[in-house]
Amino acid sequence: MLRRVITGFAVLASSLLGACEDAPVSTVLYSSGQASTYLDYVASRGALLVEPLNNPFSVGQTWFSETLAGMVRNSISYRTLSTTGDERRAMETKFRLRFVFDPPDGYDPRQMCQGVAPAEHQTRDHLVVLAAFCNDGEMEAAVRGSVIYPNQPGDKQFEALINQMIRQMFAPPSPGGP
């Protein structure tokens, strides 16, 4: 009987650890401390431009851009935000949220703000995502994340990763904080 209980706990622990390995993971690489303030400004002027510089999925670029823009919009809950994947619909084009998928090791996220996509991508078992919030070609914030490789942009783990990264990038200022 004790053997069955121990085996049951071992199986449960193993499955929980396996699920943790598949969970989205992200970290802030850089923050000027002004990203949330600039986001408020952009939101007051119109739609934030969301630009994937490459596309890891077998879907059209326009559709992917708009899908990603919708994920960004849904990630910000503390204010009303419009997003677009179409530069013609953005009001303040000097502010851009850019993404690169599966960048090679050593790719500098500051290049994203100059519009330089990596010439190649690095295939891994997890999708690696870099996001940079740019202000007139300068990086205001950057976040790196990864998740088990999704089959499509609508994958729940992929959406969770984008949500997590955007919340880290645009964390609202703390009440009473600087």
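Me: Which strands form a hairpin, and how many residues lie between them?

Reply: Strands here are DSSP runs of E with at least two residues, numbered from the N terminus, and two strands pair if DSSP finds at least two bridges between them. β5 and β6 form a hairpin with two residues between them. In the turn, aspartate 136 has a positive phi of about 55°. This is a predicted model, so local features need pLDDT of at least 70 and side-chain atom pairs count only at pLDDT 80 or more, while totals for chains, interfaces and linings use all residues. Residues are numbered from 1 along each chain as its sequence is written, and side-chain values use heavy atoms, with hydrogens and water left out.

Me: How many bridges join β5 to β6?

Reply: Ten, and the two run antiparallel; cysteine 134, for example, has methionine 139 in β6 as its bridge partner.

Me: How many residues of β5 are buried?

Reply: Buried means under 20% relative accessible area, exposed over 50%, and partly exposed in between, using a 1.4 Å probe and protein chains only. In β5 (residues 126-135), nine of the ten residues are buried.

Me: Which side chains make polar contacts with serine 26?

Reply: A polar contact is a pair of N or O atoms within 3.5 Å; within protein, one must be able to donate a hydrogen and the other to accept it, and residues adjacent in sequence count only if both atoms are side-chain atoms. Serine 26, in strand β1 (residues 25-31), joins glutamine 164 at 2.8 Å and glutamine 168 at 2.3 Å. Serine 26 is also buried, with a relative accessible area of 15%.

Conventions: Helices (H or I, at least four residues) and strands (E, at least two) are DSSP runs, numbered from the N terminus.
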